[in-house]
Amino acid sequence: MKRLLNIYQNNRQAPVALLDQALVSGANFVTGVLLARFLGLKEYGVFAMAWLVVLFFGSIQQSFIIAPLQTLLPKREQEERASLRTSLFLIQLCMGLLAMLLTWGFCHLSTTLFLDQTPLGALTLVLPITVFTFLMNEYFRKLFFSEGRQTTALILDLISYGTQILGLLLVASAGELDLRRALIIIASSNSISTAYGLMRSHGLSADFRHFTRHLKEISSYSGWLIGTSLLQWCSGNFFIITAGGLLGPAPVGAIRMAQNVVGVLNILFLAMENFIPSNAARIYQQYGLRYLYTYLRQVMFLAGAATLAALSLIMVFAREIIGMLYGAGFEQYDDVLFGFSILYVFVFTGLPLRYFIRTIEKNRDIFVSYVLSAGTSLLLAGPIVSSFGIAGVIAGLVIAQVIVQLWFLYSLRPEISNLWKSST
């Protein structure tokens, strides 16, 4: 009981963070089910390919803006936070506009890339706006969590995902839901919540005197992480992109369906991302390496028990889950869901290592791990996917996770040695 009390004291944000992430992941889950049912597997596969563009810029945002926001901001004295917060917002705004421009250019150039006779060029106007509004909404929700304003973050997500689900249901019930309208609804809901986030922001000012210094500091901190994000996106998605090119959009839709179901664990994973990095940074600064290790060990033990229970249920009832959610014609993909459940075991085991490395700011080693992982993905994706189909995609993603975690353990040799000596 004493240990549980200590965990609670260090993670007071956890209940609201879990509630918020349950809302976000639940809404994404419902969105995936609605799109798969009303768009069909092939067009849903096209949506999954288009959404990879959103996730690409989201991964860069996570490294360049969110990670400094969560790690550097809590270390500042109160009077320094307002200035850093203003600089982060300006950087976020510039990044969002740049991402929108690059997405427009990508869609413009991709008119020759057809997925089941559906060009991404048809999304030239709506996809860039979707990218921008997604990034801005994600910035504000992470900002509110970093500032300890969990209720404000929850309201923001209620606005965003509530209007999104309502819009999709209304258009789908009228028989008018297609890929383009789905993206318009998502962009509109994020626009509304972004406006709320801007109104609820504190500490923004017109004082830009420290912007250059903050930009250099943030760039120095996140330099390795940005490269890591690009490599991580490549490592995690190149097998899916290859599947789209070699197998067509329907298998990509099946993969996305499985990800959507197993993604229920994102309620836990992303909720932890909302509070563990900030808490770990504060504990490490105040108490040192040993207390950091103890904190991560305790919180990940509880999270691991929940993860194992959820994955066990999904693996046992994979066929029933697929049929219940997506309909009678989709049970044939139950093995895909089983495979992704195994993959998520490896995803979870990498979380405490990544939190540890980010907190002690050994970000170069995260970069190196994904150099190795992405290189392996580029070499193996074509042969594995062409030979084994969707099973090859899952196997490749597992291999990528194993490579990353082996390098994490190798890079943490000095810290592991110090912890071992201090415990003996």
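Is F57 buried or exposed? I looked it up: F57 is buried, with a relative accessible area of 8%. I call a residue buried under 20% relative accessible area, exposed over 50% and partly exposed in between, with a 1.4 Å probe and protein chains only.

The model is predicted, so I kept local features at pLDDT of at least 70 and side-chain atom pairs at pLDDT 80 or more, while totals for chains, interfaces and linings use all residues. Residues are numbered from 1 along each chain as its sequence is written, and side-chain values use heavy atoms, with hydrogens and water left out.

Aromatic rings. I searched the whole structure and found twelve aromatic pairs. Rings of Phe, Tyr and Trp (its six-membered ring) pair if their centres lie within 6.5 Å; planes under 30 degrees apart are stacked, over 60 edge-to-face, the rest tilted. F56 is partly exposed at 23%. I also noted a cluster in which ring pairs link Y44, F47, W51 and F134.

E415. I found E415 in helix α16, residues 413–423 (a helix is a DSSP run of H or I, at least four residues, numbered from the N terminus). E415 is buried at 15% relative accessibility. Leaving out residues up to four places away in sequence, E415 touches L289, F356, I360 and K362 (contact means heavy atoms within 4.5 Å).

Cysteines. I found zero disulfides (a disulfide is a pair of cysteine sulfur atoms within 2.5 Å). C94 is exposed at 52% relative accessibility, whereas C107 is buried at 0%.

Methods. Helices (H or I, at least four residues) and strands (E, at least two) are DSSP runs, numbered from the N terminus.
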